[in-house]
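Biologist: I am new to this structure. Please take a close look at one part, the place where the chains meet, and walk me through it.

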Amino acid sequence: MSVAVEPGVRPQWTRLGNPVAAVYGALVLLLVLGSVLVAMRGGVLLDQGGILNILTRSTALGLVAIGQTMVILTGKLDLSVAYLIGLCSLIGAETMAGDPGMILPAVLLTLACAAGVGLLNGLVVAKLKVNAFIATLGTALIIRGYLENGYTGPSGQVPRVFQHLGYDRIGPVPVSALLMLALAGLAWWFLARTRPGYHLYAVGGDEEVARFSGIRTDRVVITAHVLCSVAAGLAGLFLASRLGSGAPWVGTDAGYDLESIAAVVLGGTLLAGGRGGVAGTIGGVLILATLDTTFDELGVTPFFKDVVRGVVLIVAVALYARRRMRR
Amino acid sequence: MTTTDPASRPSRLPRLADGTAPVLAVLAVLLVALAFAGPAYSEPAGYLALLKRAAPLMILAIGQYFVIVSGGFDLSVGSLVTAEVVIAARLIDGDEAATLWVIPFVLGFGALVGLVNGLITTRLLVPSFIVTLGMLLVLDGAVFLWTGGSPRGALSEAFRTIGREGFDVPLLGQVPWSVLLLAALVAAAVLFMRGGTGRMLVAIGDNETAVRLGGGHVERLRTLAFVLSGLSAAVAAILLGGFAGVSAQVGDGLEFRVITAVVLGGVVLGGGRGSVVAAMAGALTLEALFSLLNLLGISGGLESAVQGVIIIAAVAYAASGRSVFRTRKGTS
């Protein structure tokens, strides 16, 4: 398929001073700067523990952000992921109930539920023409209601075998991080090399034009929402395997809804849709994780982290906007 | 757009902007239902208490309306409310004499945060969703960095009067100060939206390019909308601080609640549609709904689930009546 596509049809952002290079440049700079700062206090940032820390932090956010990228590329966004992660961790852990034999059914059930929520989001956005902000906020509130009603704390139990997913590692690299990166690779392939992936960009660029060009825009939007929710479901399963049980507020406590949007936008994807990609998103996730880890090593209070994160987000997007204007 | 239709402009009759009628109908139903559900609502005092509870959200809705109708978002209001309350408590620290300068300071701080939001959005061309999300993080972090983790100090009695106390009126009983303040702000907002600046704000949300080509100061007006939103958060903080006292959670989730309220009022995300009265009616509807659910013994989990279903239904209903070609994105 990719052979038949002319260069002009490629996602436009690749020609517009690729922000991905800038993101990874910033990441390297940050790693160097962080290493120097930590070294000045007599520590080492990128030792085994540091790398492990950065990658573990990146895994859950990375999974959510990969899905969020799909939705944002179509010009929508998904605010329901944080509650969905909590819900999925519960579904997974309660279905497994400590029984290794139930792992596969539990995973399938969790992902099916996640896909159902995504389908609901997509249908409401595409068919009822509800603004994605409101539609997913509504879904988030509904899931929150269910969680508040039924749970007060952690529930369910994950079998020991399943916990290996969260804790096993090869050298300093966690297996789960590798799986996350593999998923990112798959998403990259989907977006850059397949027809439905191109349609995502087309819909995000201009939904009307895409429709007039013969793209079934409704289907594209629904697909994006389903993929996003499934990614959130995977994040929920990963967190369940880390925690050993399901926790209703595991997604919201970490603020994965706004955090994932921040990571995507930090990675150079336009919030209005149509430009960007998964490679940048992973860079954005790694930048956020590196910032966190560096501050932890430096012993900075967590409140300062929020301030820096906010400033970094605004500055990064302002720089992207300038870059686009100059062209 | 109705506002650009010359025939409808000078009408004296208070016309309802589109999307206003449904929310008013729902509000009326809820108010009547309240009278049946709870004995407290058999006299005006019950409704005044409802208004008093709803006043902060309604005032926030006015500010958020300005931003949304001109095509933006303001996600920073929740953390701004928290920040204002915490700052006021720290500065006053129980000292009655400090109230006089702290209130202007709080208002000024709100306006300043709005100004920064507006300038970054309009001059650096960062989408307002991102700007105000960043501002949310900065405010959250900065305030607790400054106070060292937990809010300290206390508000003075004078500061708390506006949110807590009232004055006696024959027939009505005690009218809270916050309701009086709310009425004044409502009148001001309606007058503002009927004037040239207000109409221009709606026009920017509808078609920014047209306003720019027509010689309108798009950047300046957009920034003004953010400043007004910041100010509304400051006023809401003064009321909430008086009403609920000092806590680090006072503004939690307010940003989403107020956007829900505005959208419930039929204001379209992306700008250009909806009236400020409807936005406030949306806020009051939301509060009335919560009160009703409370009276019916439904609380906690179901409350947010009901809220979720309602906003989706309300927006789906509004969208079904809108022509198909108005589906532009509004994320600037």
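Modeller: What follows covers the interface of chain A and chain B. This is a predicted model, where local features need pLDDT of at least 70, side-chain atom pairs count only at pLDDT 80 or more, and totals for chains, interfaces and linings use all residues. Residues are numbered from 1 along each chain as its sequence is written, chains are lettered from A and ligands numbered from 1 in the order in which they are written, and side-chain values use heavy atoms, with hydrogens and water left out.

Start with the area. The size of an interface is often given as the accessible area lost when the parts come together. Chain A and chain B bury about 3600 Å² between them, and 81% of that lies on carbon and sulfur atoms. Buried area here is the accessible area lost on being put together (1.4 Å probe), summed over both parts.

Now the elements. On the side of chain A that touches chain B, those giving two or more residues are α5 (132-150), α8 (195-205), α12 (256-266) and α14 (302-326) of chain A. Helices are DSSP runs of H or I, at least four residues, numbered from the N terminus. The largest share of this side, 13 residues, comes from α14(A). By type, the side of chain A that touches chain B has 27 nonpolar, ten polar and six charged residues. Ala, Val, Leu, Ile, Met, Phe, Trp, Tyr, Cys and Pro count as nonpolar; Asp, Glu, Lys and Arg as charged; the others, Gly among them, as polar.

Next, who takes part. The contact (heavy atoms within 4.5 Å) takes 43 residues from chain A and 42 residues from chain B.

How values were computed:
Buried area is the accessible area (1.4 Å probe) that two parts lose on being put together, summed over both.
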